[in-house]
Amino acid sequence: MTNAIIKVDHLKKNFGKNEVLKDISAEVDQGQVICIIGPSGSGKSTFLRCLNVLERPMSGKIIFDGTDLASLKDGQELDELREKMGMVFQNFNLFPNMNVIENIKLAPMKVKGESEAEAEKEALSLLAKVGLKDRAQQYPTSLSGGQQQRVAIARALAMHPEVMLFDEPTSALDPEMVGEVLTTMKDLANSGMTMVVVTHEMGFAREVADEIWFMADGYLQEKNKPEEFFAHPTSKRAQDFLAKVL
Ligand code: ADP
Ligand code: MG
């Protein structure tokens, strides 16, 4: 018996002639933190987008919570899946016309049917968790990038996801704001959240990940514990990559 919450089996995805994911198999266990690293263009975002069905694979299977994602129809079935998978992007994607707390309350009220009072209480508690309780009434443009990204994380958490997917959440930030977002993510990892994180932050990956997946040329070239991966990368591809980034 495995404890896998996500099971990926021989996943393939191409865009026309461009074979981006050639054969990916992997499992994510409940409570695990996976960091996916690899060169730009290697298919990391495409992989995450397949996980929450923003892309449909050409072949192979993704099983989430025992459900084959290929069986889910566009519309309500996919919406329900996406409620269980919070996604945080590089560019925050907050609604600019709503203040912070409205951003967080919207989906729980609209999608989950929570009352305003309930959603408000939850939103404030999440804002406290990400250190932004005093910013509830501000608009996204008045916040720094790091603050906006922490709001985006709180907004995703408001849906009580089973898994959080992060696609380079700190890549668009000024360097002095990277730390506060990584700290928020680390707290989340320590709280037991299952997380799949695409990142170029090697320090974070080394410290927080249970497993590193190194992706290049359409394959997961290595899956290993961080201390093993960083000390003894086995593939030439990973050795070259680490030589450049470390
Ligand atoms: P990474 O996130 O590792 O940088 P991506 O998954 O964004 O890589 O992209 C992998 C490859 O797939 C790239 O060659 C990119 O141009 C291509 N690609 C990604 N999305 C699309 C798309 N919607 N249509 C066509 N090609 C795409
Ligand atoms: Mg990407």
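**Cavity, pockets and ligand shell**

Six nonpolar residues, one polar and three charged make up the lining of the largest cavity (Ala, Val, Leu, Ile, Met, Phe, Trp, Tyr, Cys and Pro count as nonpolar, Asp, Glu, Lys and Arg as charged, and the others, Gly among them, as polar). The model is a predicted one, with local features needing pLDDT of at least 70, side-chain atom pairs counting only at pLDDT 80 or more, and totals for chains, interfaces and linings using all residues. Residues are numbered from 1 along each chain as its sequence is written, chains are lettered from A and ligands numbered from 1 in the order in which they are written, and side-chain values use heavy atoms, with hydrogens and water left out.

Back to the cavity: its volume is about 60 Å³, and the count of cavities of 30 Å³ or more comes to one. On a 1 Å grid over the protein atoms alone, a cavity is a set of points where a 1.4 Å probe fits but cannot get out, while a pocket is an open set with protein on both sides within 12 Å along at least five of seven lines; lining residues have an atom within 4 Å of a point. Grid points are joined across faces, edges and corners, and a volume is the space filled by probe spheres set on the points. The cavity lining includes Cys50, Val53, Arg56 and Pro57, along with Asp68, Leu69 and Ala70. Strand E4 (residues 59-64) gives the largest share, three residues; helices (H or I, at least four residues) and strands (E, at least two) are DSSP runs, numbered from the N terminus.

On to the open spaces. The largest pocket holds about 620 Å³. It has 22 lining residues, and Arg82, Met87, Ala107, Arg155 and Met159 sit nearest its centre. At least two lining residues each come from helix H2 (76-84), strand E6 (85-88), helix H3 (100-110) and helix H5 (145-157). By class, that lining splits into 13 nonpolar, four polar and five charged residues.

The second largest pocket comes in at about 240 Å³. Leu126, Lys129, Leu157, Leu188 and Ser191 are the closest to its centre among 13 lining residues. Helix H4 (116-129), H5 and helix H6 (175-190) each put at least two residues into this lining, which divides into seven nonpolar, three polar and three charged residues.

Then there is ligand 1. Its shell (residues with a heavy atom within 4 Å) includes Phe15, Asn18, Val20, Lys44 and Glu55. In class terms the shell has three nonpolar, seven polar and two charged residues. Polar contacts here are pairs of N or O atoms within 3.5 Å. A backbone N or O atom of glycine 41 lies 2.7 Å from a ligand oxygen, a polar backbone atom of serine 42 is 3.1 Å from one, and for glycine 43 the corresponding value is 3.0 Å. On its own, ligand 1 exposes 570 Å², of which the protein buries 58% (accessible areas by the Shrake-Rupley method with a 1.4 Å probe). Strand E2 (18-29) and helix H1 (44-51) are the elements giving two or more residues to the shell, with H1 supplying the largest share, three residues.

As for annotation, an unreviewed UniProt entry places "domain: ABC transporter" at residues 6-242; such annotations may be inferred rather than shown by experiment. That span is 38% helix and 26% strand, and its end C-alpha atoms lie 27 Å apart.

How values were computed
Polar contact = N/O pair within 3.5 Å; in protein donor to acceptor, adjacent residues only side chain to side chain.
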